Structure formats: C-alpha cells, structure tokens
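Hi,

Here is the structure I promised to send you. Have it open while you read, and I'll walk you through what turned up.

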Amino acid sequence: MNILLAGVGGQGTVLASKLLAQAAMEQGWKARTAETIGMAQRGGCVVSHVRIGDRVYSPLIPYGTADVILGFEPAEAVRCLPYLKCTGTVVAAKKAIKPVTASLSGFDYESESMLEFLHHHAGRVIAVDTDLICGQCGSPKVLNVALLGAAIGSGALPFSLEQMQQTIRRRIPVRFHDMNRKALQLGEQAAREQMEKEV
C-alpha cells in the first residue's frame with residue numbers, strides 16, 4: 001500500500017508518516033518512508049511517502065500508484081494528485097494554509113476551489129473539518145491524528161482505530177494521549193458520517 005502525506009511545515013506530517021510506518025510494522029508488514037521538506041521548516045511544503053506491505057524495496061511512491069493521499073492542506077493535496085491511482089482516496093483538511101511558496105509568488109486561492117478540484121479529479125474524497133476537531137480537542141497539533149482517524153473511518157487504511165490508538169500510546173508522550181485519542185475518534189466519526197450522507 002502506498003500512502004502519500006502532503007502538507008505545510010509544522011502540521012505534523014512527518015510524525016503522521018512515522019505513526020503509519022510503526023502501525024504497519026506492529027501488524028507484521030514491512031515499511032519504508034521518505035520525506036521531502038520544503039524551503040522552510042515551518043511554512044514550506046512537506047511531502048512524506050509511506051509504503052507498506054510484505055515486500056517493499058523503495059521508499060518513493062511512483063506517479064499514479066498512491067492508494068491514499070492525506071492532504072493536510074487542500075492545495076498541497078491538489079499539487080500531489082498526480083501520485084494518486086485512479087481508484088485512490090484523498091482525505092483532506094478543509095482549511096487552506098498557504099505555504100511560503102504560494103505567498104512569495106503572489107498566488108492566491110481558496111480552499112473551496114481546491115476541494116472542488118479534488119472532487120472532480122480524484123476517485124474518492126473525504127473532506128475533514130479539522131478546525132472543528134482541533135477545537136473540540138483543545139489543540140491545533142492534533143490535526144495529523146484527526147486525518148489519520150478520518151482515513152481509517154473511510155476504510156482507506158488497513159488499520160483499525162484500536163491498532164492506531166496503540167501505536168499512538170507507544171509513540172506519543174502520556175500527557176498527550178487523551179487529546180490524540182479524541183482526535184482519532186472524531187476524525188473517524190467525521191469520515192463515517194460523510195460517507196453515510198453520500199450513500
């Protein structure tokens with residue numbers, strides 16, 4: 001399985017990729033990861049590749065083969081859309097956070113236009129109100145875990161909520177366990193509710 005994570009520096013993209021890789025290894029699969037960090041640690045484009053399976057030889061996902069794109073920022077999900085296979089799933093945050101590259105170029109956009117593009121060009125799109133979830137959890141730092149929960153709720157990831165919770169407990173300091181568990185559950189619930197409306 002190929003999972004691409006695309007966002008802006010400071011959103012927890014790399015941590016989310018490490019959680020996915022560890023969860024895969026805890027289930028007995030091989031995992032390979034690679035990151036491309038943009039021009040600034042915070043505010044630059046960040047893309048993480050996660051490949052899991054019985055045999056994984058390269059960490060980089062070829063174009064047209066990603067099963068899932070986790071878009072921490074909608075325009076970044078659009079930028080990485082060539083990686084998605086035709087039957088793939090995009091799980092994207094609704095809120096736009098313009099990366100430094102967009103700000104410097106003077107290029108302006110709204111999240112609605114990016115999400116509309118995704119809906120027209122991706123196999124399946126789950127748009128998540130991560131601002132609402134982060135507000136309910138009391139921290140913007142759980143955006144990454146909320147998206148993982150939504151991806152699990154959509155059925156796009158080969159993990160259960162309980163398996164990911166166990167990985168989070170092993171990887172994240174105890175004082176953050178409760179808020180991350182809540183974010184995971186709320187993300188999963190948001191994805192399920194969206195899919196139920198579409199049926």
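**Starting from Glu188**

Leaving aside residues up to four places away in sequence, Glu188 touches Gly149, Ala150, Gly153 and Leu161. Before going on, keep in mind that this is a predicted model. Glu188 sits in helix α8. Is Glu188 buried or exposed? Its relative accessible area is 16%, and the cut-off for buried is under 20%, so Glu188 counts as buried.

**How α7 and α8 meet**

Helix α7 covers residues 161-171 and helix α8 covers residues 177-198. Their axes come within 10 Å and cross at roughly 155 degrees. Angles over 145 degrees count as roughly antiparallel, so that is the label for α7 and α8. The crossing of these two helices is right-handed.

Which residues make the contact? From α7 you'll find Leu161, Met164, Gln165, Ile168 and Arg169. On the α8 side there are His177, Asn180, Arg181, Leu184, Gln185 and Glu188. Sorted by class, the contact has 4 nonpolar, 4 polar and 3 charged residues.

**The buried face of α7**

Stay with α7 for a moment. Its buried residues are Leu161, Met164, Gln165, Thr167 and Ile168. Seen down the axis of α7, they fall within an arc of 160 degrees, so they line one face of the helix. What covers the buried residues of α7? The cover includes α1 (13-26), α6 (143-153) and α8.

**α1 against α6**

Two of those covering helices also pack against each other. The axes of α1 and α6 are 9 Å apart, and the packing angle is about 45 degrees. That makes the two helices oblique to each other. The crossing of α1 with α6 is right-handed. In α1, the residues involved are Leu15, Ala16, Leu19 and Leu20, and they meet Asn144, Val145 and Leu148 in α6. This contact divides into 6 nonpolar residues, 1 polar and no charged.

Next, find Gln27, in the loop between α1 and β2 (30-37). With a relative accessible area of 32%, Gln27 is partly exposed. Where sequence neighbours up to four places away are not counted, Gln27 touches Phe159 and Gln163.

Write back if you get lost anywhere.

Cheers

Definitions and conventions:
Residues are numbered from 1 along each chain as its sequence is written. This is a predicted model: local features need pLDDT of at least 70, side-chain atom pairs count only at pLDDT 80 or more; totals for chains, interfaces and linings use all residues. Side-chain values use heavy atoms; hydrogens and water are left out. Axes are lines fitted to C-alpha atoms, for helices over the stretch in contact, and angles run from 0 to 180 degrees between N-to-C directions. Helices (H or I, at least four residues) and strands (E, at least two) are DSSP runs, numbered from the N terminus. Angles under 35 degrees count as roughly parallel, over 145 as roughly antiparallel, 65 to 115 as roughly perpendicular and the rest as oblique. A crossing is left-handed if the near helix is turned anticlockwise from the far one by less than a right angle, and right-handed if clockwise. Contact means heavy atoms within 4.5 Å. Ala, Val, Leu, Ile, Met, Phe, Trp, Tyr, Cys and Pro count as nonpolar, Asp, Glu, Lys and Arg as charged, and the others, Gly among them, as polar. Buried means under 20% relative accessible area, exposed over 50%, partly exposed in between (1.4 Å probe, protein chains only). The arc is that of the directions from the helix axis to the C-beta atoms.
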